[in-house]
Amino acid sequence: MSKQIPAFCGGKPVRDTKLFYGHQYIDEADIQAVTDVLKSDYLTCGPKIGELEEKLCRITGAKYAVACSNGTAALHIACLAAGIEPGDEVITTPVTFAASANCALYCGARPVFADIHEDTYNIDPKSVEDRVNGKTKAVVAVDFTGQSAELDELQDICRNHKLVLIEDGAHVIGTKYKGRANGSIADMTTFSFHPVKTVTGGEGGAVLTNHEEYYRKLMLYRTHGITRDTALMEHEPDGSWYYEQVDLGYNYRMTDMQAALVISQLDKLQMFSERRKKIVARYNEAFSGLPQIAVQREIPESDTTRHLYILRLVLEKLKIGRKEFFDALWAENICCNVHYIPVYYFPYYQKLGYEKGSCPKAEKLYEEIISLPLYYAMTDKDVEDVILAVTKVAEYYSL
Ligand SMILES: *Cc1c(COP(=O)(O)O)cnc(C)c1O
């Protein structure tokens with residue numbers, strides 16, 4: 001991997017303007033929805049929250065949904081509802097955003113990292129099974145890039161060992177696993193509505209579940225552990241103003257402006273999903289012809305709405321490494337990114353005693369990947385520019 005090679009291939013860049021890896025799509029209906037809330041009586045805890053929760057249930061088939069401030073808060077209250085406590089272990093993948101593991105730390109538990117399948121990049125149920133011991137309480141499975149994790153296999157493991165299956169579905173909205181929408185399958189599924197995700201509220205998140213017990217707890221943890229439900233109270237109400245704090249919760253509420261935006265965005269989910277699928281199909285078609293590129297394997301069980309497109313380099317066929325390939329794409333104005341640095345590489349995790357080498361397939365993946373632009377508002381020309389740039393760099397540095 002020569003350092004002398006410049007981080008670009010010469011000639012004119014494939015395009016003059018920068019193309020980023022993700023971007024939200026906001027239309028007039030979205031703007032109107034938010035404006036309507038601003039003119040209404042409720043900016044938070046108003047009618048839009050319930051409306052969003054109903055809509056999420058309708059879309060996914062889940063019985064209950066709890067909207068909250070972001071996807072990280074959703075993971076935190078899901079872990080609390082699962083009863084995760086100090087001394088427990090929670091198994092997750094290192095190929096994810098830090099929040100998928102941090103949620104265990106928030107509860108005083110220890111995240112344990114399982115390795116991935118080398119070709120789908122999702123958590124490998126066999127590796128999960130290997131990591132289960134008497135302390136294990138839950139599995140946080142991430143649907144990496146939007147492709148569903150192998151939920152049936154994971155659910156079997158969880159049933160056999162009495163573990164809670166939490167699906168970090170930050171990438172997965174719009175995907176179906178064996179014909180069922182993700183969100184209605186695991187014990188709890190969390191969504192994120194950050195602007196890079198398929199559907200946005202600026203910030204926002206939700207937990208979906210079919211279990212009433214979890215639902216009640218999620219509602220409590222979202223709002224300080226406070227309830228107005230007399231069935232949950234210790235004492236007789238002093239009067240109709242009365243409420244009780246019966247547990248320690250947080251302020252993880254979503255505003256009505258955010259809820260209105262997510263509701264309006266969900267009207268476009270089908271459209272977003274179709275466009276993303278088209279772009280992914282076009283990328284796959286173009287890159288499967290390049291020996292320098294490996295295409296992510298898709299499992300037939302997942303009808304995938306892709307949140308991320310991962311370009312995996314075949315380094316044996318290239319004169320350069322991932323860093324140089326990445327810089328060369330930027331020089332073409334293709335502003336790619338990398339998802340993800342293995343979580344346990346971070347100094348915070350290293351200080352907690354995690355060591356490199358525990359998930360070799362995930363670590364190898366990290367050396368070889370680049371996230372390409374993928375979002376609804378990309379034009380066909382944008383997509384072809386990305387393909388041109390990748391082809392240009394791959395062929396220029398081909399071995
Ligand atoms: C975005 C993301 C989160 C966190 O969601 P926020 O809404 O940003 O808090 C968690 N897990 C994964 C896999 C994500 O991509």
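Two elements, α7 (212–222) and β11 (226–227), each give at least two residues to the lining of the second largest pocket; helices (H or I, at least four residues) and strands (E, at least two) are DSSP runs numbered from the N terminus. A pocket is an open set of points on a 1 Å grid over the protein atoms alone, where a 1.4 Å probe fits, with protein on both sides within 12 Å along at least five of seven lines, and lining residues have an atom within 4 Å of a point. The model is predicted: local features need pLDDT of at least 70 and side-chain atom pairs pLDDT 80 or more, while totals for chains, interfaces and linings use all residues. Residues are numbered from 1 along each chain as its sequence is written, and side-chain values use heavy atoms, without hydrogens and water.

The lining of the second largest pocket includes C45, M219, R222 and Y243.

The ligand sits in the largest pocket, meaning that more than half of its atoms lie within 2 Å of the pocket's grid points. Around the ligand are 15 residues, the closest being G71, T72, D168, S192 and K197; a residue counts if one of its heavy atoms lies within 4 Å. α3 (71–81) and α4 (99–106) each supply at least two residues of this shell.

The protein covers 92% of the 380 Å² of accessible area (Shrake-Rupley method, 1.4 Å probe) that the ligand has on its own.
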